[in-house]
Amino acid sequence: MLRKRLLGAVVVRQGWAVQSFGYRRWLPLGKAECLVENLDRWGADGIVVLAIDRGDQGPDLALIERLGALGLSTPLTYGGGLATEEHAREAVRAGAERLVLDSVLSHNPQAVGAMASAVGVQALVAALPLLYGTDGQVHHLQHRSGDQGLLPERIRELIAGGQLSEVLVIDSTGEGLGQGFNQSLLQALEAYTDLPLLAFGGLARAEQIRPLLSHPQLAGVVVGNALNYREHAIGHLKADLTDQPLRPHRQRCVI
Amino acid sequence: MNTPPVQTCKRCLYNTNHPLGLVLDADGICSGCRIHEEKDTLDWADRWQRLEQLVKPYRSRDSRNYDCIVPVSGAGDSFFIVHLVKERLGLKPLLVTYNRYYNTPLGIRNLAQLRRRFDCDILTQSVNPLSVKKIIRTTLRELGSFHWPVLAGQSVFPVQTAVSHRIPLIIWGAHQGLEQVGMFSHLQEVEMTRRYRKDHDLMGYEADDLLSFFDYLTEADLWQYRYPDEAALERVGVRGIYLGNFVRWDPWAQHQQMVKQAGYASARMNRTFDIYDHVDDWHYMDTHDIIKYHKHGYGRVVDQASREIRHGRISRQDAVSLVSAYQGNRPRHQSMLFTWLGLEKSGLDFLISQLPCHSIQAVVASSGFADAPPRHFFVPEPVAKLDMNISERQVIVGKGYPDNFISKTA
C-alpha cells in the first residue's frame, strides 16, 4: 500500500477562503487561489477545496477554473454543490481531479451511480460529517438542515458498494478547533465500508495525527485551519512524523 | 456566483466589502470586533510568558551576533516594538528599514531617534528609484496601487536579511489581518507567511507575477522584491512572529507612551484625526488614501476610527462624525507626487474614474457618513509638524538630525 497522505483543506464560503469552526463560525482568510497555490508549493499530498455554501447553486465552476489555471502539480479535490452527473462532468472538465460528495448522498443517492459512470469511481469521495449523539451512537450530520441521526441506510449502501473510492470522515464536533480528531469515528465506520478513509476535523499538530496513522484503513489525514498559522506548515508536520507511514516531504522548487 | 449583499458591522464601521474579507455573525457583529473581544479576556501576563519561552532558543550566545530582526519605519508601531524587544525581552535586534521614497523629515527624524534612543544597528534598503518608478507606473495602471513597491519592499527586505545574515527570528508588531478583520484568534499565534504577503499585502501579485503584464518591466526592475526561495527559508529556519499575539495591542495608547518615554514625534495630517500613524510618509495619508477611498469605499480614517470604537474610547456615532470630518479632505502633497513620478493630474483622475468606488457621493451616502454632525473627540496636541521644508530633503540617514528638529517645527 502507498504511504499515507497529508492533505490540505481550503474551506470556501461566500467566495472567500475561511477558517471554519464546526461549520457554524468563520473567520476570513483570503483568496482560495492563494491558499491553494501555497499548499501546492509546500508539497501537500493533495488539496481539498470545499465550497460550503453552494446549496442548490451547483459547483463553483469559476473557482475550479481559476484553481485549474494555477498549473498545480498537486491533485485537486473539489466539493460543494455537486448534485448531478452534469455537475460532476463540468467540475472535472473545469480542473478538479476528484470530487467530494456530501448532500447528494442523502438527497439523491441514485445520482451517485450516474456520476461514477460519468467521471469514474476513482474520482468520487463521500463526505460523512459524523458526531456522537446524546444516545452515545455515531450520528451523521446533514449540514444544510442541521438534522442528525444514525447513518442512513442509503448512505451505508453507497459506501459499501462500488461507486465511490474513498470516504472523507469529518469529525463535526471537533472541526476547526484544533483539539484532535476522534479516532473512534474511524472505528465506527469499519463496520460499514472497506473503502480507504480520510480523517478531517480538529487536526492541527503532529501528536494528534500520529495515532490515526496506525489505523489500517486510513489513507490520509486532512488538515485545514492549522495550515494557515505558520510558514511551511506541511513540512513541519511531516518533519515531526518521519517515523510514520506518511509520504515523504516533497517541496516544490519554486522561486 | 451570486454576490452576497454588503452588510455593515453594528459595532464598528467596516462592511463586508473589506479587502481583507470580513464575516458578520448572527448578531451582526464582525469577525474583527469578535476577535478584538479577546483582548479583554486573555491572560496577557501568561501570553507574555509564552513569548519569553518562544524567543528563548533564539538568544545568541555570542554578543557579536544579533538575536532577531525587527522591521521598522519612522512611524507605525516601530518605537513600541523595539521597546518590547530590547527593553522587555532583552534581545539584541538588528533593525531593518525599507526606503519608501516618500519620507517626511519627521519620519527621518523619528527613525534616527529610534536607533539612538534604543541603541540599535540598522540596515536600510534603497532600491534604485528608476525601477521603483517604473513599477509604480505599472501597478498603478494594472492594480490601482501606488504602494506595491512599498508593501513588497517592507515585507520582503526583513526576510531577505534574515536569510543573508542567518538570523532566523523576525519580530513584527501586530498582524493587520487579525487586528482589522479578525482573521485569526490571538491564541492561534499566527506567524508571517509568504501566502499572506501575496494574498493581502501584494493584492495577489508577487514580483514575478508583474512580469506577466504586457509592458516594459523587466526582471532587473523586480528582483529586489523577490521572496527568498523555500529551500533558503527552511535552511535558515526563518520564522516571523507577531508581538500582537502576546501583548494587548493598542496603538493609540502605545504611541502616547512612546511620545513620553522614547521621544516619538507626532504630527497632524489632513485626512485623519490620528496624529501618530504614518507621519513618516507624505504620500500614505495623502494621494494613497484617496486611491484607497475610491478603490474600497473608505479611507484610512475608517480603520483608525473602527480601532478606537473597539478600544472603547469613542462611540460609533463619534466615529462616524470623525470619518465625515476627515474623509473628504483634499490631498496636500499631490504636486510632489506628480513631479516625482512624471504623472499628470488628468492621468490620475482617469485612473480614479476606473476604480470600483469612484463615485464619492455614492460611497459617502451608502456608508452613512454623510451629514454626520461634528462631535468632540480629544486629540492631544502633536509634537511636531509634517514639515516639507525643501532644505531638509538632503537629509537621508538622519545623522544628528533629531536634536533641533522638533523645536524648529512645532
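Modeller: Leaving aside its neighbours within four places in sequence, A:Leu72 is in contact with A:Val36 and A:Asp40, where contact requires that the C-beta atoms of two residues, placed from the backbone, lie within 7 Å. The model is predicted, so local features need pLDDT of at least 70 and side-chain atom pairs count only at pLDDT 80 or more, while totals for chains, interfaces and linings use all residues. Residues are numbered from 1 along each chain as its sequence is written, and chains are lettered from A and ligands numbered from 1 in the order in which they are written.

A:Leu72 belongs to the loop between helix H2 (61-68) and strand E5 (76-79) of chain A; helices (H or I, at least four residues) and strands (E, at least two) are DSSP runs, numbered from the N terminus. With 19 other C-beta atoms within 10 Å, A:Leu72 is partly exposed, since a residue is buried at 20 or more such atoms, exposed at 12 or fewer, and partly exposed in between, with C-beta atoms placed from the backbone. The C-alpha atom of A:Leu72 is separated by 9.6 Å from that of A:Leu39, 33 residues apart along the chain.

A:Val36, A:Leu39 and A:Asp40 are among the buried residues of H1(A), a helix in which 10 of 11 residues are buried. After H1(A) comes A:Gly43, with a positive phi near 85°.

Turning to the contact between the chains, 24 residues come from chain A and 29 residues from chain B. Helix H1 (32-42), strand E2 (16-21) and strand E3 (25-30) of chain A each supply at least two residues of the side that touches chain B.
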